[in-house]
Structures are given as structure tokens and as C-alpha cells.
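Please read these numbered points with the model open beside you, and look up each residue as it comes.

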Amino acid sequence: MKKDFLKTLLGACALALLTACGQGTERTPSAYDQANEYIEEGNFESAMVLMRDQLRKNPQDQKARVILASAHAARAGLYVTSYVDLAQDLVDSAQGKEDAYKQRGRVVFERLRARAQGQGEKNLIDTLDDFNQALWSISDVMIKFEKIPEIEKDGQYQDVVAAVRVLNEDHGLYGGPQVYRGVLRLVLFRYHLRHYYKFPEIKDCQVNLAELSQKVESFHQEVKGLLNDFSGGSLMSAQSEKIKAFTLKLDETFSRTTAKMKKYTDSGEEQGDLSLLLSPFGVSCP
Amino acid sequence: MKTLVRALILISACVGVKVFALEPVSAIPNMFYQVPFLSIEDVVLGEGCYSLKAGAHHLDCNPAFLHGNQHREVRANIFIDKRVGDLVDSGEKLSDDDYAGLINKLAPRHEASAARLAGSLWYRHDWWAIGYVPLRLKYASNIQNPAYPQMALSLIRESELFLRAGVGFEDIPGLAAGVNLRYLSQKYIHQQTALFDLISDPSLARTRSREVFSVEPGLTYTFANDTWKPVMSLTVTHPELNPGVEVGFSSTPEFAHGRLVTATHYSVNAPGVHPFKRFRWSGRYDFDNHLALVASVGKGDYGASLSTAIDSLTLGVAYKNEELDYARLHSKSSETYMFEGGLTF
């Protein structure tokens, strides 16, 4: 009886062994694993070659596209430890700052309006007030600039531009990759603020309104684009709706600003006199 | 009672079927396959503890080793990892379903880490033992590609009730069979995904729960006539997963006068583990009944522990270094120190 039991037991164990042996198959490292490995090692070019090859075979391969973009971003020195909180914060808490504006920003323009003489000055104050309101609206983004990694060299800039371009080639980008593109655009936005969005030259308190209008429009489009990435990339409907609503309000404010500027310049005014804005603060024009 | 144990062993040997599917996670060890560790000695030995008979004041991982035991003992034990603060905090976040907290905590660390802690209480009565583990935490994480992070996280919080028993056979001297009946209640996160996908959709980081009853059989065969007392062992573990099959060979070199026991171990079925990493050498040297040194070496994995008993108080300290894989292309090491304290009666 006991011998039978033992035979059965040993047979069962042997069966269990045979059954189990076939299940421990090794996972073959994929091209994605290899590319991630290259990036880890700092061998960005090899990662790019590998992922471009992958994209040639299948242009719809979103995973390869994202890894290729990340290889460009890594070469520019953009690592996640620098901006993970920012991405999270933006998705979590992007919302308008209308209340803060009403409490503080608007007060200055109310005073200026009271001092304005003539319709021309009032129009200019209205226009700049709208612009100021738009800036307040994206103050959340502005405040978090410290968290956005800064790129200094042209090579770094070109790499981030290339990363965004790679992602732009996928018109169906969504989810995480879209949020990633939003973060890369934020990096570019910060660079543009330093190098492109400088306030037009002021001479004798005169500012070129056409130039200012063009920059406001460009600024508007860039902010709108990156916010769209955060709203579209967020698959949590509540967050997405919140960012969409914020983007819509921002859009309205900027549209109002550019429309007023256009109206102002259409009326024949090419230059705006800023002395009205500066004199209450005791500042004289250069 | 022994007939019942034998019947259970027979049944459990036949139930090695997969009933629980896990997401594929290649960047870290599968923490579900960890030995049911109760002490730092179990952690240091890893799978090797299935092949090495436990020392004084420790409980055998392979239940067949319990056969012939003539000790009765109660032990309460707790051990912690050097990352205990982190580990407890992660465990709390897991309990609170705080995914964002876990991810934010993990993301800035460009490192691989593994950590464990456990508190346990057990009673051994000659050839059987019963025990309860109110809390056991197992943690492993790894991050790849810092520009677009791929995060692997396995965090398991569990409690366990177990009964282990080992019996011999009169007809075949040297053969012993045992069974480890385990009831586990687990809450866990076990996944590998891109950080930006988690930011985009936090619901991807889902905590899960499961209740498991498993029957894990073990066999040992001792070559009684040999002066080195060689023992062959076999254990089948985790029948609810792809069952782990652990085989080993231990001996007690004659020249060490019974103080040294060494074992060579092989994990036959360890999903996702490189074949060379399935081999392990383990050893224990008992200076006397109150001080023991345990060491274990595997490919990319080594550790040692020193345990002592002063009257009813048991103390231990251990060091462990383990290599965590990322699709077997690139490995990062995680090292840790562990401390334990307990009472035995």
C-alpha cells in the first residue's frame, strides 16, 4: 500500500516537474528594450537608428515614436526627475486665475482708466488690460517655470524641436505620449520666452503695436497648443474637462486682446504711447 | 494525522495548475515567487532555503525537513530593512490606494531597489508547525530610460496563516515528505508601465487584492549511510501561479564536525529568471547553538546573516545584494541591510 502511495507520489511530482518546465520561458528583449538600454547608457544615436528603423517598418508604431522622441530629449539633457511634478501638477490643477486677477491685477487698470484722456488712451488701456488678464490666466504655468528644465545651447533646442516634430508626425497621439509632448513644448515655451517673446523695443514711450500684436498671437497659439496636449493627454475626464474649460477661457481672452489690437492698429495707430502706463509709477521712458 | 498529511501531499502534487495570471513585468524579480520568509535568514538564503535545513530557532522552508524534528518552540520575530521608513510609507499608500503618492515617490529615483520586512509568530511541535504572519511587505522597483521613464513596481502587502508538517516512511528510510498549507491575504501593485501613461491615466495603477489558499508539497531524501549526510530535496511552490519547482542537494562536510551545512540549489521553473540566476549556493555555519552564520551566493545575488540567541532573545543582522534585471539587457544592483529581533520559548 505504502509502495503504491510512493509510486503515485513520485509520479505526480515528476508530472508536476514536466508541466512546470515548459512554463518558464525567457522573454526575448525587444527592440524597444534595446533602445531604452542605449538611452540608459547615453548611446542616443544607436537608440535613434534602432527606432527609426522600427518606424520605417511600421510608421504607426507609437511606442517606437515615443522612444525616438525621448532619445532626442535625453540628448538635450531632459530627464524626468526635473519635470515630473510639473506635468502632474499641470494635469491636476490647471485652472483659471480670474479671481486672483479681479483682486489684484484689475485694480491697476481701473486706476489707469480713471486717468485716461480721450478714447485712444482708453482703447489702449483696454487692450493691455486684456493682455494682462491673459497673462494672469497662465500664471500657473509661469510660476512653475522654475521646475521646467532650461535649455541653453542651440543644439539642445534643436533636439527638443526634433523630439516634438517626431511626435507631431503621429496625428493620433493620445494619452501619455501626448502629455509628454506637452512637457516638451513647455520646455520650448520657456526657451521662446527668453529668446523670442521679448517686449518690443520702447523708444520715447512708443511701442510698435503691430509687432506686439503678432507676438501676442504667436504666444497665444503656443500656450493653446501645449494646453491642448495636457487636456487631450489626460484620460481622466474630470481633469481633461477642467483643462479644456481653462483653454477655452484663455482662448477667449487672447482673441479679445488680438481683436482689440487689430482694431487699434486698423484705426491708423501704429504706435502705442506707454507713458500713460508708466508715469503713475514714476518711471520715465527710455 | 500523518495519513491526512500524506493525502494532502498527494493532492497538492497534482494541483500544479495555473489559476492566477500576472501582468508581465520584466524589470524586477517577481515578488510573488519570494520564499515565504519569516526571518532574515530566509531572505538571505532566498530559494536556497528550500534545500537547506533550517538552523536552531528557525522554521524550515521545505516542510519535509520537519520530519524527525524533536523540538518544541514558540517564536515571535520581526525583521526590518534599512529602508523601513520608505517601506512602511509605501505600504500605507498601498492600503490607502494612493497611486499618485506612490508614483511621485518612485519617479525621481533613478535606481532599482528591493526591500522586505515581516513580523511573524509560530509554534513548532516536533514534526509540524503552525504560524501567523500579520504583516509581510515585499517591494521591488526599477526605472529605465530617464527621459521617458518605464517604471516597474511590485509592492505586496500580505498576511499569512500557515501549517507545515513533515513525515517519514518506514519502507524507505531516508525519504521524507512534507506539506505547507498557506492561506494568504494580499493587496498589491504589480506592473510595468510608462510614467507618462500613469500621469495621463492614474487609474492604470490599480491596487488589487486576492485571497489564496495554497498547498505546497516538499520531499527530501537523506543518504543515511554517507558520512557527509547528503540530502536531496524537492519543493513545489505557488501552485496558483506557474508553479515554482525547487530542487537542491545539501551535505554536511565531515571535516567541519557537523557545524557546516552547504546546499546547491536550482529553481527549475522561475518565470523570467535567467537560467544562470537559478543556481544558488548556500551554507550555514553554526559556531554553537547560539551563533550562526548563513551565506548565499547566486549570479548577481549574494548575502550573509549572523544570528544569535541569548536566553530567550534572538537577534540577527544581514546584508543582501541582489541584481534586478531590465529585460536581461541591463542590470542594476540593490543592496540592503536588515535587522531582526525576536523571542523564543
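1. A:Asp229 and A:Arg181 are both buried, where buried means under 20% relative accessible area, exposed means over 50%, and partly exposed lies in between (1.4 Å probe, protein chains only). The side chains of A:Asp229 and A:Arg181 meet in a salt bridge, at 2.8 Å from N to O; a salt bridge here is a side-chain nitrogen of Lys or Arg within 4 Å of a carboxyl oxygen of Asp or Glu. Because A:Asp229 belongs to helix α11 (residues 209–233) of chain A and A:Arg181 to helix α10 (residues 176–195) of chain A, the pair ties together parts that are 48 residues apart in sequence. Helices (H or I, at least four residues) and strands (E, at least two) are DSSP runs, numbered from the N terminus.

2. Before going further, please keep in mind that this is a predicted model, in which local features need pLDDT of at least 70 and side-chain atom pairs count only at pLDDT 80 or more, while totals for chains, interfaces and linings use all residues. Residues are numbered from 1 along each chain as its sequence is written, chains are lettered from A and ligands numbered from 1 in the order in which they are written, and side-chain values use heavy atoms, with hydrogens and water left out.

3. Over all chains, the search of the whole structure finds 27 salt bridges. Side chains of opposite charge can pair when their charged atoms come close. In chain B, B:Arg136 forms a salt bridge with B:Glu158, and the closest N and O atoms are 2.6 Å apart. Since B:Arg136 lies in strand β3 (residues 128–144) of chain B and B:Glu158 in strand β4 (residues 150–168) of chain B, this pair ties together parts that are 22 residues apart in sequence. B:Arg136 is buried, with a relative accessible area of 0%, and B:Glu158, at 2% relative accessibility, counts as buried too.

4. B:Glu160 is buried, as is B:Arg136. Salt bridges that share partners join B:Arg136, B:Lys138, B:Glu158, B:Glu160, B:Arg182 and B:Glu216 into one network.

5. Strand β8 (residues 244–251) of chain B is largely enclosed by the rest of the structure, because 6 of its 8 residues are buried. Strand β7 (residues 231–237) of chain B pairs with β8(B) in the antiparallel sense over 7 bridges, and two strands are said to pair if DSSP finds at least two bridges between them. Within this pairing, B:Thr235 has B:Glu246 in β8(B) as its bridge partner. β7(B) and β8(B) form a hairpin with 6 residues between them, and B:His238 in the turn has a positive phi of about 45°. β8(B) also runs antiparallel to strand β9 (residues 260–267) of chain B, to which 6 bridges join it, and the bridge partner of B:Ser250 in β9(B) is B:Ala263.

6. B:Trp122 is found in strand β2 of chain B and, at 3% relative accessibility, counts as buried. Leaving aside neighbours within four places in sequence, B:Trp122 is in contact (heavy atoms within 4.5 Å) with residues including B:Leu38, B:His57, B:His58, B:Ile130 and B:Phe162. B:Trp122 and B:Leu106, by contrast, are 16 residues apart in sequence and 34 Å apart in space, C-alpha to C-alpha.

7. For chain B as a whole, the secondary structure comes to 5 helices and 14 strands. Buried residues make up 60% of the 345 residues in chain B. Among contacts in chain B between residues at least 6 apart in sequence, 62% join residues at least 24 apart.
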